[in-house]
Amino acid sequence: NPHLCYAQMIPGRCTGNSAGLIDFSLYLPTVLDHLQLLVQLDDGSWTSMDQQAMVAWCANLLSWLEEHPFGREEEERANNHAVYYDRLVVCLALFLGRPERARMQLHRSRQRIAQQIRPDGSMPAELHRTCSFGYTVMDLRGFVDLAGIARRLSMPLRSPTSGGGHGSIRAAVD
């Protein structure tokens, strides 16, 4: 089903929660890239019917992310979860041939840079968590991925307030 209602289900505790979206967002963009390669091969291993079904599934998933409380919650987080929500939405939008929807989400990503990265490159929301190094690297990886996608869309991913007391992806890398 094109939803993540049961993501991170914990038996006896909950049937799913919004935090499970991050697990899916780590891998689906790579799958979508590989499917695009199969389309280009044109060797019959991925048919037009397969592509149509996948496009419909992804369109339904994108709508679910935009409308379901789990998606809304992840988009509003102030840490790596929101960055990976952005990454998933941007990749789905591009797969679906909706570059304007991708750009709209990348504008949110720009705001997140100012919210999440300090001038010294630190990411306080990740530093306060257990395994802070891993969470910081994960957050940075998401930002770097988004920056690469934004560059392909001729939309540099810089904070709208860079230089005004806010950090940058470059500062975080350094």
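Me: In which loop is the place of Cys131?
Reply: This is a predicted model, in which local features need pLDDT of at least 70 and side-chain atom pairs count only at pLDDT 80 or more, while totals for chains, interfaces and linings use all residues. Residues are numbered from 1 along each chain as its sequence is written, and side-chain values use heavy atoms, with hydrogens and water left out. Helices (H or I, at least four residues) and strands (E, at least two) are DSSP runs numbered from the N terminus, and in that numbering Cys131 sits in the loop between α6 and α7.

Me: Does Cys131 count as buried or exposed?
Reply: Buried means under 20% relative accessible area, exposed over 50%, and partly exposed in between, with a 1.4 Å probe and protein chains only. Cys131 has a relative accessibility of 61%, and it therefore counts as exposed.

Me: How do the axes of α1 and α4 lie relative to each other?
Reply: Axes are lines fitted to C-alpha atoms, for helices over the stretch in contact, and angles run from 0 to 180 degrees between N-to-C directions. Those of α1 (residues 21-41) and α4 (residues 80-95) come within 9 Å and cross at roughly 25°. Angles under 35 degrees count as roughly parallel, over 145 as roughly antiparallel, 65 to 115 as roughly perpendicular and the rest as oblique. The two helices, α1 and α4, are therefore roughly parallel.

Me: How many nonpolar residues does the contact of α1 with α4 have?
Reply: Contact means heavy atoms within 4.5 Å, and the residues that make it include Leu26, Leu28 and Pro29 of α1 as well as Leu88, Cys91 and Leu92 of α4. Ala, Val, Leu, Ile, Met, Phe, Trp, Tyr, Cys and Pro count as nonpolar, Asp, Glu, Lys and Arg as charged, and the others, Gly among them, as polar. By these classes the contact of α1 with α4 has one charged and four polar residues, and the number of nonpolar residues is ten.

Me: Which term describes the orientation of α3 to α4?
Reply: The axes of α3 (residues 69-76) and α4 come within 6 Å and cross at roughly 120°. That angle makes the orientation of α3 to α4 oblique.

Me: Which residues of α4 make the contact with α3?
Reply: By class, the contact of α3 with α4 divides into two nonpolar, two polar and three charged residues. On the side of α3 the contact is made by Gly71, Arg72, Glu74 and Glu75, and on the side of α4 by His81, Ala82 and Tyr85.

Me: At about what angle do α2 and α3 pack?
Reply: The contact is made by Trp64, Leu65, Glu66 and Glu67 of α2 together with Pro69, Phe70, Gly71 and Arg72 of α3. The helices α2 and α3 are described as roughly perpendicular to each other. With their axes 5 Å apart, they pack at an angle of about 65°.

Me: Against which helices do the buried residues of α2 pack?
Reply: The buried residues of α2 include Met54, Leu61, Leu62 and Trp64. They pack against α1, α3, α4 and α5.

Me: Which residues does Asp86 contact, leaving aside its neighbours within four places in sequence?
Reply: Asp86 has its place in helix α4, and because its relative accessibility is 0%, it counts as buried. Leaving aside those neighbours, Asp86 is in contact with Gln105, Arg108, Ser109, Arg112 and Leu146.

Me: How far apart in space are Ala19 and Val55, C-alpha to C-alpha?
Reply: Ala19 lies in the segment before α1 and counts as buried at 15% relative accessibility. Not counting residues up to four places away in sequence, Ala19 touches Gln8, Glu74, Arg77 and His81. Ala19 and Val55 are 36 residues apart in sequence, and their C-alpha distance in space is 25 Å.
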